[in-house]
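Let's take a walk through this model together. Keep the sequence and the structure side by side as you read.

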Amino acid sequence: MNAIEFKNVSRRFEDFYANRNLSFEVKAGTIHGLVGENGAGKSTAMKALFGIHPPTEGEILIRGKTSSIKSPIHAMRLGIGMVHQHFMLASSETVLDNIILGHEPRRGLIFLDRKKALKSLQEIVSSYGLSFHKWEFPIAKLSVGEQQRVEILKLLYQKSEVLILDEPTAVLTPQEVRELFQNLKRLKEEGKTILLISHKLKEVLEFTDSVTVMRRGEGVGTVKTKEATEDLLARMMVGREVSFTYQGERKMIAHPEHLKPLVRVERLTIESQTEPLRDVSFELKPGEIVGIAGVQGNGQTELLKYLSHPDRFPKASGEYMIRGKHMQMAGPLELRRQKVGLIPEDRLEEGLLLRQDMRENFLLGQHHDPRYSEYGMLKRSRVTAELESKISEYDIRPTNPSALLGKMSGGNQQKLVIARALDPSPEILWVAHPTRGVDVGAIEKIHEALVRERNLGRAILLFSSELDELIDLSDRILVFFGGSIKAEFQRRDFDPWKIGKVMGGGSA
Amino acid sequence: MKLASLSFLKSCVGAAVGLMLGLLLCKYAGESPLKVLRVLYESSFGSGYDFGMTLFYTAPFILTGLSVAIPFRAGLFNIGAEGQLTMGALGVAAASALMPNLGPSLFAISFACLAAFVCGGVWGLIPGILKAKRGSHEVITTILLNFIAAGVSAYFILYVLKDPASSQAETAEVASPYWLKPYAIFNGAPMGDLFWVLIVLTLLFSVFLSLSRWGYELKSTGENERAAETYGISKSRAWMSSMFVAGGVAGLVGVVEVLGNSHRLKMGFSADYGFVGIAVALVARGNIVGLIPSALMFGILQKGSGSLDLETDKVTRDLSYIIQGLIILGVASEGIWDYLKLLRRKPRV
C-alpha cells in the first residue's frame, strides 16, 4: 500500500513554481529518499505534505485517500510528523516536557500527568528497541545527535506513521549518522514510513529503499535504490555529468616546512558560556589549505569570529600574529590591510545586504580601499567597472550589476562573496562553509577557485561542516572538540572514520 | 534608480487615493469637494503672500522630514525631532541673547544656525549614545527626551531669557541683525533666501548620502548590522553620527521660527513639526529628494487648514488633519501593491 502519493502537485509563489507537476509514491514501511540540489523544491514538497504550504494544484493522497492538508496540526492528526532541519525544541525545558508539548496527558482538567507520559514514552522506547534515558535533562545539555533523537521520539509519541526528516545528517558526526540510520531501520521494521530529504547521495544510496530525484521543482524520476548508483543520481539531479572530488592539479609547494608561517595563533583561550576556546595553537603557511573539522558548537565558530574580528574579544588570551605582527587589537579593516580575505560563515546574516544591488554588496568591506574611495567619497564608476569584470570572471548570474542580491540564487550570491574576498587577491583567506546552500555546478567552480588560490601561494583556513569537502581540499585537517584542537591529520592519513571519531570526542 | 521612481509613483498614487477619500468625506459632510479643493488651492497659492506662507510652513517639514529620514538609513526610528527642534530653537534664542551685537547680519545668522545645529544635534546624540553603548531603544529614549526638552525649554523661557515687558511665556525680541529678511514678492510673508538655501542643501545632501562613505556606512548598518560589523563598519558610529546630524537638522527649525517668524522664542511654538516630520519621511519613503514634494504637500494642508474654518460652512480645519491622516494611510498601505500584483497574476494558470 502507498503511505503517500503525490499526484501532479504544483506549488506556485506568484509566478514562480517551487514545485511543478510533482508525482511520486511512497510505499508504507519503507525509507524513501528525496534528493536534489539546493532549490530543487525538496523542502517545498515536504512543506506541502506537512501542511505548511498546501499545494496550489494537484493532490496528495494519504493511505490512498485524497487529503487536502491545511495545516501542520491537520497533518499531525493524519499521522504525519516532521523533523525540521533546525530543531524546534525549547532549549531550557526538559526532554520530557518538550516531547509532550501539545499532547500533554492530563489528570482531571488542568493537571499535567508527567508520570503517565513518562511511562508511555518508556514503552515506546523499548518497543522500538531504542535506548534513551535522559528524560529529565534540559535540551541544552544534550548533544545535537541526542536532540535529534528527542525530535524523533516526539513524533513517535504523537503516533506519527510517516516521519519526514529534513537533512537530518547535516549536523552529525559519521558515528552519529550511523546510529541515526540504525534507529530509522528499526522504525521501518515496525512499520513506519520514513521520508528522507538529503543532498548526500552516499547516505541515500546506503539507507533508503527508493529515491525520488528532483530538479528545478519537478520530479525527474523515482528509482529503486538497489538499481541506482551515485553517478546515475547525480546525473538526474544536475542533468549532466559531475565530478565529486576535486580533480584539478594540486601543485606541491616546495618544502613547505621551510617556509615561514604567515599566521601564528598560540595558546588562544576565550572564555564563553556557549563556545569556549582552550589553548588553541596552530600555524598557517603560504600555499596550504588547512581544514577545520568539528561538530558544530565545538569552538570553530568562535575561532573564526576571533580571527576575523579580534578587537571584539578584549578578554581573549594568547597570541595572534600575522607576519610576526600582533593582531589582538585589530578590526576587520586592519585585517584587510594585512591582506586577509573573508568568506563568512553565514552569508545571509553576515555577508550580504539582501535588499541592495551587487554594486553596494561588492563594496562592503572595500569601502575604505583607496581604489574605491578617496577623501570619504566613493568612486562609484570604478566599483562598477571592477564588479563587471568579476561578474564575467566568476560567471555570476544575472550579469547586471544593479541586480538585487535577495533575488539571486544562493550559488550566485556566494560567488559574489568570494569574488569580493579575492579582490584584490589576498595572501590569507578565512573561508567558512564556502559551498553551503550552493548548487552542484557552483560547488565545482568554488572549489576550483580555492585550490587556485592555494596554488598561488595563499594561506587558507577552511571551516566546513562537510567532511568530504575538507578531505578533498585540505593539506592538513585540525579537528576541534570541546573548544580545543584534539588531533591533526596530514593529507596522506585522511580517513573519514578516524576524523569522525575525534569529532565525536574519541581519540585518534 | 528605476526602483526609486517606482516607489515615488506608488507614493503619489497612495497620496492621491488618500486625498480622494478625504474629499469623499466632505461630500458626506455636505460640503462640495470641489469647493474644498478650491479653498485649499487658493489658500496656499492664491496670492504672493499665501504662497510665501505655504513655503514658510514647508521649510520646517523638510527639516524634520530629514531628521527622521537620516537615522532611518541606519535603521533607527527618530521620534525625537520635536524635542531636538525645541532645543535648537532654545539655542538660537540663547545665542542671540548672548551676542546681540554680532557684526553683519550674515555673520549673526550663521552663528545662530551653528547654535541651533549644535543644540539640536546634542539632543539627538544622547539617544544615539544610549543606543550604541547601552542598547536602549531609540523610540523610547527619543520620546522621553521630547518631554525633557519641553521642560528645559520652558525653564529657560520663563526664568532665564524671559522678556520682562511681556505677559506671555516668551523671550525678549532678538536683535535686528539676526532677523531673516522676507522677500517683497511674498508681500510680508516671513519667507526669504534661506528657503532656497535649504532646497539646494537638501539636494546636495541627497547626492552626498549616495556618494559618500558615510552614507554607505549608514545604509549598510540599516540594512544588515551584522554584515556591516563583520566587514568593519561600526554600527555605534553610524548610529551616533546619524542621530547627531538628525538632531542638528531638526534644530534648524528653530532658525526658521525664531529668526524668520516671531523674532523671539515662544513657549510651545511648534505645531507638532517634529511629528509631522515622521509622516513627511514616510510619504517620501525615506528618499531625500522626495522629502521636498512631500513636505510641500503637508505645507499646503497646514496652510489651508485655517481657511477651511473661515470659508466653508460644513467642514472645519479638522478636515485638513483628517486628509493628512488618510494620505499617510494611503501611502503606508504598502501591502496593497503586493495584493494587486497577486490578483493580476492569478488568472494566468
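Predicted model: local features only at pLDDT ≥ 70, side-chain atom pairs only at ≥ 80, totals over all residues.

Chain B has an average pLDDT of 89, with 96% of its residues scoring at least 70; pLDDT is the predictor's confidence in each residue, from 0 to 100. Helices (H or I, at least four residues) and strands (E, at least two) are DSSP runs numbered from the N terminus. The model as a whole scores ipTM 0.84 and pTM 0.78.

Residues are numbered from 1 along each chain as its sequence is written, and chains are lettered from A and ligands numbered from 1 in the order in which they are written.

Now turn to chain A, whose domain assignment gives domain 1 (2–238), domain 2 (246–339 + 426–508) and domain 3 (357–422); such bounds come from an automatic or database domain assignment. Taken over C-alpha atoms, the centres of domain 1 and domain 2 of chain A are 34 Å apart. Where they touch, domain 1 of chain A gives twelve residues and domain 2 of chain A gives 14 residues; contact here requires C-beta atoms, placed from the backbone, within 7 Å. On the domain 1 side, helix H6 (174–189) and helix H8 (230–238) of chain A are the elements that give two or more residues, and H6(A) has the largest share, three residues. That side is made up of six nonpolar, four polar and two charged residues. For these classes, Ala, Val, Leu, Ile, Met, Phe, Trp, Tyr, Cys and Pro count as nonpolar, Asp, Glu, Lys and Arg as charged, and the others, Gly among them, as polar.

Next, look for an open sheet of six strands in chain A, ordered S6-S9-S10-S3-S11-S12 with mixed pairing; two strands pair if DSSP finds at least two bridges between them. Its edges are strand S6 (80–83) and strand S12 (218–224) of chain A. Neighbouring strands are turned by 20° against each other on average, direction ignored. Helix H5 (residues 144–157) of chain A packs on this sheet, touching S6 and S9 of chain A, and its direction makes about 170° with that of S6(A). Axes are lines fitted to C-alpha atoms, for helices over the stretch in contact, and angles run from 0 to 180 degrees between N-to-C directions.

S18(A) runs parallel to strand S21 (residues 428–432) of chain A over four bridges, and A:Gly341 stands opposite A:Leu429 in S21(A).

Finally, where do the chains meet? The contact takes 24 residues from chain A and 15 residues from chain B. Helix H10 (332–337), helix H11 (347–351) and strand S20 (377–378) of chain A each supply at least two residues of the chain A side.

Definitions and conventions. Contact = placed C-beta atoms within 7 Å.
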